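Hi,

Here is the structure I promised to pass on.

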Amino acid sequence: GIQVEQSPPDLILQEGANSTLRCNFSDSVNNLQWFHQNPWGQLINLFYIPSGTKQNGRLSATTVATERYSLLYISSSQTTDSGVYFCAVPQGDWDMRFGAGTRLTVKP
Amino acid sequence: NAGVMQNPRHLVRRRGQEARLRCSPMKGHSHVYWYRQLPEEGLKFMVYLQKENIIDESGMPKERFSAEFPKEGPSILRIQQVVRGDSAAYFCASSDTSGTYNEQFFGPGTRLTVL
């Protein structure tokens, strides 16, 4: 099945710093989603981005499908950005395969 | 427009009891997916259902686990005779279409603890 690798596994930032999270996948995909799991465990949809670039406030994402990677940018990070960031791609006809996540800690 | 609803949010069961987890998809969504997240891991697919049909249960353990999505009411994930290894967060997702292009929206999850 398709493999999804996320890097870095852990990231510690000072409030106000910028960061880039990476998601590599082993096969071509026509769908990619980014999620934020907050410290309370809730999973929040960030982006549906099979290709191209999208922006939502301080967050933006870029997927280069031909090169099999996606990037999530967080600018001017805030403590509320802390949590785990997952990317997910289709594994079969309908189920999503998740990466292991990047655990982000933003310190005040 | 309400998102995906799951209840209960937290569930504690003793070994051997039954756990019933409920999921109401987003309004207008007829496709439901269940995922399990073990501690410190990513989510893993369990089962995909449409109304009154199980489409794919390849990720669900063959014994003790079952799922349904009746014509009326929420989808139910049922775990019989729970064991400590069933302790995990169970997430439900829904989409308005099926296929690899679909965007799945996730509920807040149910955290099951087996004592």
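Before the sheets, one bit of bookkeeping: two strands count as paired if DSSP finds at least two bridges between them. The strands themselves, like the helices, are DSSP runs numbered from the N terminus (strands are E, at least two residues; helices are H or I, at least four).

Please keep in mind that this is a predicted model, where local features need pLDDT of at least 70 and side-chain atom pairs count only at pLDDT 80 or more, while totals for chains, interfaces and linings use all residues. Residues are numbered from 1 along each chain as its sequence is written, chains are lettered from A and ligands numbered from 1 in the order in which they are written, and side-chain values use heavy atoms, with hydrogens and water left out.

Let's start with chain B. S7(B) and S8(B) are antiparallel and joined by four bridges; in S8(B), Leu77(B) is the bridge partner of Ala67(B). Both strands belong to an open sheet of four strands, ordered S1-S3-S8-S7 with antiparallel pairing. S1 (5-7) and S7 are its edge strands, each pairing on one side only. From one strand to the next, the twist averages 15° (axes are lines fitted to C-alpha atoms, for helices over the stretch in contact, and angles run from 0 to 180 degrees between N-to-C directions).

S11(B) is another strand to look at. S2 (residues 10-13) of chain B runs parallel to S11(B), with four bridges between them, whereas S9(B) runs antiparallel to S11(B) and is joined by three bridges. Four of the five residues of S11(B) are buried (under 20% relative accessible area; exposed is over 50% and partly exposed in between, with a 1.4 Å probe and protein chains only).

Now the insides. A nonpolar core here is a set of buried Ala, Val, Leu, Ile, Met, Phe, Trp, Tyr and Cys residues joined through side-chain atoms within 4.5 Å. The largest one has 23 residues, and Trp34(B), Met46(B), Leu77(B) and Tyr90(B) touch the most other members. Among the chain B strands that each supply at least two residues of this core are S4 (31-37), S5 (43-50) and S11 (110-114). A separate second core has 21 residues, including Val4(A), Val29(A), Ile49(A) and Val89(A).

Over in chain A, there is an open sheet of five strands in the order S1-S3-S8-S7-S6, again with antiparallel pairing. S1 (4-7) and S6 (52-56) stand at the edges with a single partner strand each, so one side of each has no neighbour in the sheet. S3(A) and S8(A) (residues 69-74) pair in the antiparallel sense over six bridges, with Leu21(A) opposite Leu72(A).

How many disulfides are there over all chains? Two, taking a disulfide as a pair of cysteine sulfur atoms within 2.5 Å.

- Cys23(A) and Cys87(A) form one, with sulfur atoms 2.0 Å apart. The S-S torsion is about 75°, so this disulfide is right-handed. Cys23(A) lies in S3(A) and Cys87(A) in S9(A), so the pair ties together parts 64 residues apart in sequence. Both cysteines are buried.
- Cys23(B) is joined to Cys92(B), S to S 1.7 Å. Here the torsion is about -45°, so the disulfide is left-handed. Cys23(B) and Cys92(B) are both buried.

Cheers
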